[in-house]
Amino acid sequence: MVTQNPFFSGGPYIMGIVNVTPDSFSDGGRYFSPEKAVAHGLRLVEEGADILDIGGESTRPGAVPVTPQEEIDRVMPVIEGLKGCGRRISIDTRHAATMRAALAAGAGMINDVTALTGDPDSLDAARSADVPVCLMHMRGMPGTMQDNPVYEDVVADVFAYLGQRIAACEAAGIEKSRLIVDPGIGFGKTAAHNTNLLGHLRRFHDLGVPLLIGVSRKRFIDALCERPILPQDRVPGSLAAALFALTQGAHIFRVHDVAVTRQAFRVWQGMQSAS
């Protein structure tokens, strides 16, 4: 049973990705200028995004970290430019200083790939704001996370970790009704780990919070297709994985391609209601 969430009920919700970075795996540099990032965000709203996830630090495999100040300098003009767009703005960061600056500027959600463990002040930053917080599982750090990731049981291990992070947040004074979890597809996991997690998504409902899934354009699609595919050409595989996750009850979908995802979801929902 999912805890009553005052921010997300029903769904599915589509979270559009706005990477204000020069080195993200799929669109690094394409929206690096504030003007291009804002225009891209507005376009995603027109295409049907419910949430805009703004990030100023790439977390792709092998990514080089940036300082909180550099990250703040990247995202703040974009948040300022998008805060009147009528959609919830999420700040994709593992730095407490960036969380605080973004929230003060109008962001209304925190999305942390380290589940509030990457910065000793992150729990306090999240506690002080009445916004939803997404806790993601990642084995290791972006620079090294794909160096031979090993699990005893990937589903059980990720489930246990996210349960521990929910408990830590509650102990720190963050209400469970504000929390969301993300199993972290592609973050410190092989293709087999990713497909195993996707195949057992229903297990994560036992954590009692909404489930966010990010499969958009990720490399495990190449493994399933048994050939290398450019990130921008992985859209059909992304849609297949997202639709599968939708059948497993996922609530929020973090995607690059909003319009096609929205269309696919509406057709799927129409077929469901007619059956």
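How many residues does H1 have, and how far does H1 reach from its first C-alpha to its last? In this predicted model, H1 has 14 residues and reaches 20 Å between those two atoms, close to the 20 Å expected at 1.5 Å a residue.

## The sheet

Eight strands make up an open sheet with parallel pairing, and their order across the sheet is S6-S5-S4-S3-S2-S1-S8-S7. Strand S6 (179-182) and strand S7 (212-213) are the edge strands, each of them pairing on one side only.

Strand S1 (residues 13-19) is paired in the parallel sense with strand S8 (residues 252-255) over four bridges, and here Ile14 stands opposite Phe253 in S8.

## Helix H1 against the sheet

Helix H1 (residues 34-47) packs on the sheet, where it touches S1 and strand S2 (51-55), and the direction of H1 makes about 165° with that of S1. The buried residues of H1 are Ala37, Val38, His40, Gly41, Leu44 and Val45. Because these residues cover an arc of only 160° around the axis, they lie on the same side of H1. In general, an α-helix has 3.6 residues a turn, so residues three or four places apart point the same way.

The buried residues of H1 pack against S1 and S2, and also against helix H2 (68-82) and helix H9 (258-274). On the face of H1 turned away from this buried side are the exposed residues Glu35, Lys36 and Glu46. Gly48 follows H1 and has a positive phi, near 115°.

## Strand S6 at the edge

Although S6 is an edge strand that pairs on one side only, both of its faces are covered, with Leu179 and Val181 buried on one side and Ile180 and Asp182 buried on the other. Strand S5 (residues 133-136) runs parallel to S6 and is joined to S6 by four bridges; within this pairing, Cys134 has Ile180 of S6 as its bridge partner.

## Asn194 in helix H6

Is Asn194 buried or exposed? Asn194, which is found in helix H6 (residues 191-199), counts as buried because its relative accessibility is 3%, and buried is defined as under 20%. When residues up to four places away in sequence are not counted, Asn194 touches Ile185, Gly186, Lys189 and Phe220.

Conventions:
Residues numbered from 1 in each chain as written. Predicted model: local features only at pLDDT ≥ 70, side-chain atom pairs only at ≥ 80, totals over all residues. Heavy atoms only, no water. Pairing = 2+ DSSP bridges. Contact = heavy atoms within 4.5 Å. Axes fitted to C-alpha atoms, helices over the stretch in contact; angles between N-to-C directions. Expected span 1.5 Å × (residues − 1). Buried < 20%, exposed > 50% of the residue type's maximum accessible area, 1.4 Å probe, protein only. Arc of directions from axis to C-beta.
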